Amino acid sequence: MQDPVSAHDPFVRVRGAREHNLRNVDVDIPRDTLTVFTGVSGSGKSSLAFGTVYAEAQRRYFESVAPYARRLIHQVGAPKVGEITGLPPAVSLEQRRGAPSARSSVGTVTTLSNSLRMLYSRAGDYPAGAPRLDSDAFSPNTAAGACPSCHGLGRIHETSEELLVPDPDLSIREGAVAAWPGAWQGKNLRDVLDALGHDVDRPWRELDPKDREWILFTDEQPVVTVHPVREAGRIQRPYQGTYTGARRLVLRTFSESKSPALRAKAERFLTSAPCPVCGGSRLRPEALAVTFAGRTIAELAALPLTALAEVLAPAAAPGGPGTETARVLAGDLLARIATVTELGLGYLSLDRTTPTLSSGELQRLRLATQLRAGLFGVVYVLDEPSAGLHPADTEALLVVLDRLKAAGNTVFVVEHHLDVVRHADWLVDVGPRAGEHGGRVLHSGPPRLLADVGESATRRFLFDRTPVPERPALAPDRWLRTGPVTRHNLHGVDAAFPRGALTAVTGVSGSGKSTLAGALTGEVEGVGRMVMVDQKPIGRTPRSNLATYTGLFDVVRRLFAETAEARARGYKVGRFSFNVPGGRCETCQGEGFVSVELLFLPSTYAPCPDCRGARYKAETLQVRLRGLTIAEVLDLTVESAAEFFAEVPAADRSLRTLLDVGLGYLRLGQPATELSGGEAQRIKLASELQRPRRAHTLYVLDEPTTGLHPADVEVLVRQLRGLVDGGHTVVVVEHDMDVAAGADWVIDLGPGGGEAGGRIVAEGPPARVARAAGSRTAPYLARALGLDG
């Protein structure tokens, strides 16, 4: 039963939070405030804000849902917390994205497309005698509106003999049809063709053109009895095999496969071109015949939001042209667009697909949608809303957060951006360090009082504004040149990056930074080897972990296999893998836990009843290395493992580089699915750092400081500087002005986003760019360098 006092208690009170690394945390946070959670990466701040507060609010909501309906909703389990009082309903705005889809766009995420379709349906200019269309007829995602030729995608994918068979000198048996799958499926297609009477041993170019055409492009699917060739020691019985043409197979894989790798392979054999029927507009001719302000709905959807607002403004003005219906609908659209442009996203168009957006852009679009929702008395929990945001746009973000609070809501923000931290009403600082060295609330109160908390890693950066020291003047004599680049909003841009230096590419959101950095490829003259270090996960299943990704697990398994006990039992290296049968526990198949299905509650995971979470059979765990089992080694932190394997050079090298990038708190067996994007990126960087020094390498990092505390940024920059000192070239796309100020060279794009950007505004050493006229980055760079006094 709810404490009657808590209904009037102005605080959210958390007692006994133990999620992940939280150490039985008690904390009181005032409602109706903007509260920022800070702390180094891995300190436990997200575990407190999302894993505890939001998870408990969601659990309470689901308790009010009918039990039958509850089974149909994906639910998180109950958080590990004693109790939480004074907690209102919560809305989470995280940076995670759903499954990528070409049908999901800026318009669908913000629901602006719905309003625009209604405007065309009710107030559009129709051809004489044409019937009025329902709003669904203006959507490419419905049967009523989608172009029948491209099914509303706007592009047609096709293939050719040259793409499907790149080497016509090969026979079918030798792999002439490169588009066929590998392994058994490709062998099956070959055997089916053989059974159908085709010559699979003649070079492709010598086959009859009609046969080649049929093999590649037929839509027939004949079934034939296949008699496999006998192989030594294997009995293979005849079976009924079905043939599928190579074109059909590739198109089906590309359109239906859930595997990004298979889709990418299929895409290599396809060409893409605008649909010849709709011209890429994705709509039926009837919808394209309707105009508003002299333009079709496809033309308006392709405009940047700022330009779209200019087109709609006359129709929304009192006494303007058009009907009252047009005025009301256009006015509503303008109000909705204003909240999106206020967050610095005016350069986006409604038809921009969500897979091409950064996670920060996607979260701010959702934030704009919530701002229009007008909810009251809600807790909004946001995950670093400043991610991917230029300092010039941060002020607008603060205004939006204040408006959410002013509407009668509580705003909890997990954030590293110091301007957002300073703007907070209340600050919860978690630490002092990461992993098992964190998990405590060091401060919960007004931000100014953090100055008295000596063990806080955040305090130094919040109150000590020492300028970034200028780098020694760079006089580059060798360059990596790219261009002219014409893509997205870049039009014929030529860029030069100094070789053997750290270059920061800066500019407001949407100015073309990532596009320019993406033009750097291994083909650029002077690049010996190129490495993209991004924040994509190092693995998509719990089986992938820190030890397997870095190659450390191979060393560990070999050490166990070399012990006297393992040799006596005849155990090889494979015995110590939890991914293959042999040494792993077969009850949980090496995962360490099993799913427990509960009838009306969310499925929960429990430790495996046989191995109790150890992942291995009892016999495997009887082999010990200096007193530890393989399961206990996987449970070591990187810091502890570095001491344990100090005398093993192959293991020590991997562990030292992980320590150098600030990941000493992670466990060796920590699943990839539990790692943040920043942690994944630093693991990739550590994997590169442990490689023996090779010839010149170009490293490209897109916003590497996203999700990193300023203390972690210092560690990251130190590693990047080490790569440069080793003779390599590093290019970072970055909004963090301290990183830009510490670079050797800066290339600033702009001056605005979208069509208002796309050109190099300034380039040179940071101090020179900080004085550049017309650069929106210059004043913030000058402040970081202490040149604004």
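Reader: How many salt bridges does the count come to?

Author: A salt bridge is taken here as a side-chain nitrogen of Lys or Arg within 4 Å of a carboxyl oxygen of Asp or Glu, and by this rule the count comes to 33 salt bridges. Please keep in mind that this is a predicted model, in which local features need pLDDT of at least 70 and side-chain atom pairs count only at pLDDT 80 or more, while totals for chains, interfaces and linings use all residues. Residues are numbered from 1 along each chain as its sequence is written, and side-chain values use heavy atoms, with hydrogens and water left out.

Reader: Where do R59 and E63 lie, and how many residues apart are they?

Author: Helices (H or I, at least four residues) and strands (E, at least two) are DSSP runs, numbered from the N terminus. Both R59 and E63 belong to helix α1 (residues 45–63), where they are four residues apart, about one turn of the helix, and their side chains meet in a salt bridge at 2.6 Å, N to O. Burial is judged by relative accessible area, with buried meaning under 20%, exposed over 50% and partly exposed in between (1.4 Å probe, protein chains only). R59, at 25% relative accessibility, counts as partly exposed.

Reader: How many residues apart are D652 and R656 in helix α24?

Author: D652 and R656 are four residues apart in helix α24 (residues 649–660), and therefore separated by about one helical turn. They form a salt bridge whose closest N and O atoms are 3.2 Å apart. D652 counts as buried because its relative accessibility is 19%, whereas R656, with a relative accessible area of 39%, is partly exposed.

Reader: Which parts does the pair of E688 and R529 tie together?

Author: E688 forms a salt bridge with R529, with 3.1 Å between the closest N and O atoms. E688 is in helix α25 (residues 677–689) and R529 in strand β17 (residues 529–532), so the pair ties together parts that are 159 residues apart in sequence. Both E688 and R529 are buried. Salt bridges also link D9, R13, R15 and D28 in a network.

Reader: At what angle do the axes of helix α8 and helix α9 cross?

Author: Two packed helices are described by the angle between their axes and the distance between the axes. Axes are lines fitted to C-alpha atoms, for helices over the stretch in contact, and angles run from 0 to 180 degrees between N-to-C directions. Here the axes of helix α8 (residues 246–256) and helix α9 (residues 260–267) come within 8 Å and cross at roughly 140°. That makes α8 oblique to α9, since angles under 35 degrees count as roughly parallel, over 145 as roughly antiparallel, 65 to 115 as roughly perpendicular and the rest as oblique.

Reader: Which residues in α8 meet α9?

Author: With contact meaning heavy atoms within 4.5 Å, V250, T253, F254 and S255 in α8 meet L262, R263, A266 and E267 in α9.
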